[in-house]
Amino acid sequence: MTWLSAKLKKSASIVLATTLIAGLAAGCSNSDNGKGGSATPSAETSPSASPSPSSAGSSGDKITIRFAYNWTGADPKASYFEGKLKEYEAKHPEISFKFEATPGEEHRTKIKVDTTAGNLPDIFTYWLGPVNLKPLVDANEILEMDEYLSKSGTVKKEQYTDIAWSFFDIGGKKYGLPLEAFKGFFMANRELFQKYNLEYPKTYAELTNVAKVFNDNGIVPFSMGSKNGQPSHLFFSYLAYQFQNGFDDAQKIPQTYQYDTDAVRKAAQAVAQMKADGIFPSDTVANGDWGPQLSLYNEEKAAMVYEFPWMIGNVKQEIVDKTDLIDFPALEGSVVDPSSYTIGAVAMGLLINRKSFEDPAKQQALVDFADFINSDEVLGEVAKGGLFPAKQMELDPSTLSPLYAKAMEFTKNQNVWPHHESYVPDSNAYSVILSSLDELFAGFVSPEDYVSKTQKALDKAK
Amino acid sequence: MRRKHDAVFYGGFVLPAVIVYTLFMIYPVAMSAGYSLTEWNGVTAKTFVGLGNYQELIADGDYWQVVRNTGQLIAYSLIFQVGAGLAIAYLLAKVMHGFRFFRSVIFIPVIISPVAIGLMFSLFYNSDTGPLNHLLDSLSLSSWKRQWLSDPHTVLKAVMAPQIWQYIGLYVVIFLAAIQQVPEELVESARMDGAGPSRTFFNVVMPQIWDVFQVCVILAVTGSLKSFDHAWVITSGGPGNASSFIALQMFKTAFISNQIGYGSAMTITILAYAALFTMLFKRICARLYN
Amino acid sequence: MRRAAGLSRGLVLAVFALSTLFPFYWVLVSSFKDKHQIYANPFGLPANWHWGNYADIWQTAHLSRYFWNSLFISACAVAIMLLIGAMAAYVLARREKSGWLYAYFTLGIMIPVHAILIPSFVLLKQLHLLNSHFGLILIYVVSNLSLCVFILHGFLKGIPRELEEAAAIDGYGRVRTFVSIVLPLAKPGLATVGTLGFLNCWNEYLFAYVLIGSEPSKTLTQGVMALTGQYSTDYALVCAGLVVSMLPLWLVYMLFQEQIVKGMTAGAVKG
């Protein structure tokens with residue numbers, strides 16, 4: 001009896017092992033098809049889309065386009081954008097689309113890893129500035145946009161401002177199609193101010209008074225946190241630009257590598273001062289990064305916040321109704337009128353893989369697809385999720401969230417001044433800036449140390 | 001004849017693991033070691049710099065800060081994971097009622113994803129809205145309140161706490177099983193000889209579970225050397241490098257600062273520390289036992 | 001005296017048990033709240049039990065698809081790892097001069113897996129295994145293989161040779177002996193390593209999102225992390241996702257608890 005059961009057990013384990021292996025072989029090669037609807041073939045049956053002459057050629061073959069982006073998951077733009085992608089896919093059965101969506105910053109890591117192995121997607125969204133683009137340009141991986149524009153059916157250079165193009169300019173040539181622009185705006189909870197009989201502060205002295213009242217009542221005056229420099233790095237640039245030559249100095253950084261300037265020092269001191277005066281939340285790390293920072297404001301635990309378009313979809317409806325857009329007060333020693341400018345740039349653009357473009361079989365499909373992404377139709381749709389298109393186009397206000405319309409209106413006449421990330425040419429230096437901002441906001445370093453640390457990193461990069 | 005058959009059998013049996021492991025683990029590590037001798041941003045060509053990265057590491061204050069942080073983590077893991085785990089297991093071994101319940105419950109944190117634990121704790125630690133400070137208030141311990149993640153004195157410990165806490169259960173379960181295997185007669189005879197609880201523990205129980213203890217120490221140390229997830233989710237290693245560890249620093253260097261060669265050099269140092277520790281530890285244990 | 005000791009012991013254990021349960025309770029309860037209630041009422045029970053979060057993640061966020069992907073990947077990885085790991089551990093346990101091989105295999109325990117991200121990626125690309133479950137499975141197998149061999153080695157050493165010799169006398173070949181005599185005896189060790197390995201695969205994020213790009217192939221951790229998002233504020237949804245990802249693990253643990261516990265120590269003892 002025991003021998004029999006031993007034999008059964010043995011057969012069972014052999015059968016199990018075989019099934020697993022068979023299932024493995026079969027299941028794995030079907031893994032991309034089997035579950036879910038999207039018609040993406042598996043990696044074994046059609047190798048990844050980096051150039052191989054065999055994938056071009058015979059006319060019966062489907063063209064494969066790999067598109068990587070990060071408006072997915074919890075991003076408010078996701079449902080609008082991905083809806084449009086599915087529509088396009090359905091209309092083009094001759095193209096096999098491989099969509100690679102990775103949320104947030106992970107998309108950046110993924111593209112970087114892709115690059116190390118020569119696995120860059122055919123077309124992908126990416127961030128701005130020499131920090132992000134120069135390595136790709138140096139390795140000749142991405143397409144010069146004039147070539148695309150010459151083939152494009154609907155997209156023209158004039159549809160974007162020179163400033164928008166400048167964010168993707170390396171050595172005089174354009175390497176990305178501006179997609180998502182942004183402008184910062186300050187929001188204040190009208191009801192909270194009214195509750196304590198306060199006016200929106202215009203000077204630093206008024207700010208401290210307002211702060212005192214709020215703090216006494218358990219409310220954070222201004223929700224600003226810093227975790228890996230988010231979102232503080234945008235606010236910091238805003239502060240620096242209030243001072244003499246703040247913006248001019250920033251623009252010169254690619255040539256001078258000089259971050260340590262009078263304006264930046266004053267901004268760092270202002271941060272330390274504001275922290276001492278209780279303007280910020282007491283815990284800037286825990287309240288750092290976009291989600292937690294907005295949550296404070298959403299839950300009415302903070303009276304003011306500095307926000308950007310990609311967060312519009314996350315603001316509670318009742319809070320939108322209670323929100324007024326205001327100007328940040330003028331700091332002591334500032335010379336620039338705070339209402340005259342806002343921090344803004346193009347956050348993301350569309351980059352095209354040069355080799356994929358030069359593949360004659362793919363070129364037209366790529367161009368058409370890029371045209372589609374940049375079409376008024378798609379951009380208008382994604383605007384419903386809070387996208388500020390970089391393209392100069394009309395948006396239908398009735399489709400947009402009221403906060404979006406308010407923000408566009410408020411910033412319409414302000415100068416748009418890009419933040420330091422657009423100018424700092426070295427990724428290590430900028431990452432030092434980001435992490436040092438965490439330290440500055442948490443009170444771990446003095447303003448002097450902040451400036452010397454960051455400048456040292458820039459000096460190293462020269 | 002048997003010998004030859006043996007060799008063929010052994011060879012064939014160990015081959016699949018050797019192939020897979022060499023190809024997908026050792027070879028990539030070797031590649032990493034290769035990268036560590038270069039300067040590479042991941043995109044353009046690599047520049048050979050020999051031991052330049054290592055020389056830079058030695059002079060890099062940030063690197064030593066994270067090494068010190070990792071050292072602290074190792075120390076706390078040994079005390080609170082291995083040490084406390086052992087103590088709790090010892091207590092649990094004597095419990096009559098609810099034994100199974102305790103054993104299941106303490107293991108629960110082990111199975112939760114570190115990312116989940118990190119998220120949970122970052123919400124807890126928020127000194128403005130999080131439950132931790134509220135709890136301290138309600139227990140009249142308001143003076144203990146802190147800006148957990150923004151206070152230079154607390155941020156490192158605040159980040160170490162979740163990861164140490166999470167795996168205590170693992171060590172408890174391991175030690176528990178080991179303690180339960182200690183023959184009753186030994187314990188009984190010690191007690192009859194008049195030995196108190198601590199004498200019994202050190203002279204009777206410990207020698208029996210000594211092997212297990214060694215393994216746990218090695219696991220705790222190598223686990224701490226690899227620490228990444230918790231710190232990344234809670235503070236990204238910040239502010240600055242205050243709550244960063246070597247593996248996290250390596251990730252930032254390679255993927256955020258685009259310095260893959262330099263980051264790889266850091267990885268190799270982790271390997272070196274782990275190997276060094278294991279060798280020294282084994283030697284010390286062998287000596288101690290004699 | 002005894003009773004006082006017993007009581008204080010029970011108290012210490014109870015406090016500890018409570019502290020381990022609390023975060024789990026918090027995630028569970030939060031998953032039923034509306035996203036703003038998490039801040040308004042962090043500790044208490046939800047005012048309304050909001051099942052919507054679960055419906056949302058299962059359908060809209062496609063977690064059902066990712067769930068099965070994760071299950072498939074983790075199960076395959078564990079199966080392969082156990083098979084080749086047990087085979088290797090057996091050789092190491094039985095062969096006299098296997099010190100170097102043993103050290104070679106256990107090196108892997110010291111390697112932080114992020115370190116091999118780029119080289120693995122380059123390698124998998126050359127093998128055309130990017131964006132495939134099989135590539136990810138291979139990575140997971142090697143990530144856990146060292147610990148597997150380490151623990152199983154100790155375990156298998158403890159199985160008396162007489163049993164195998166008896167089998168040989170009965171005419172069993174070596175493979176048959178391994179499969180029908182040795183493996184069944186090693187069940188607790190296999191259960192331990194299998195569970196720990198499954199845990200690691202199930203919760204892994206970095207390699208998953210770097211290697212798997214296409215939507216239908218994604219893993220559960222990718223799904224849950226997409227919910228968290230850098231910009232997101234809906235922690236209730238995230239908590240629901242976390243609960244969904246935790247439950248299968250707890251189930252596995254509950255089912256195999258005895259085996260795991262037996263395996264943990266026996267493997268470690270002779271290690």
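Predicted model: local features only at pLDDT ≥ 70, side-chain atom pairs only at ≥ 80, totals over all residues.
Biologist: What makes 59% of the 271 residues in chain C count as buried?

Modeller: A residue is called buried if 20 or more other C-beta atoms lie within 10 Å of its own. Of the 271 residues in chain C, 59% are buried, so these residues meet that cut-off.

Biologist: How many helices and strands does chain C have?

Modeller: Chain C has 13 helices and 0 strands. Its C-alpha trace spans about 70 × 70 × 30 Å along the principal axes.

Biologist: How do you know which residues of chain C and chain B are in contact?

Modeller: Two residues are in contact if their C-beta atoms lie within 7 Å. The contact takes 64 residues from chain C and 59 residues from chain B. On the side of chain C that touches chain B, helix 13 gives the most, with 17 residues.

Biologist: Why are 46 residues of the side of chain C that touches chain B called nonpolar?

Modeller: They are called nonpolar because each belongs to a set of residue types that includes Ala, Val and Leu. The other residues of this side are 13 polar and 5 charged.

Biologist: What does the contact between chain B and chain A involve?

Modeller: In this contact, 27 residues of chain B meet 30 residues of chain A. Helix 11 of chain B gives the most to the side of chain B that touches chain A, with 3 residues. That side divides into 8 nonpolar, 17 polar and 2 charged residues.

How values were computed:
Residues numbered from 1 in each chain as written. Chains lettered and ligands numbered in written order. Helix = DSSP H or I, 4+ residues; strand = E, 2+ residues; numbered from the N terminus. Buried ≥ 20, exposed ≤ 12 C-beta atoms within 10 Å, placed from the backbone.
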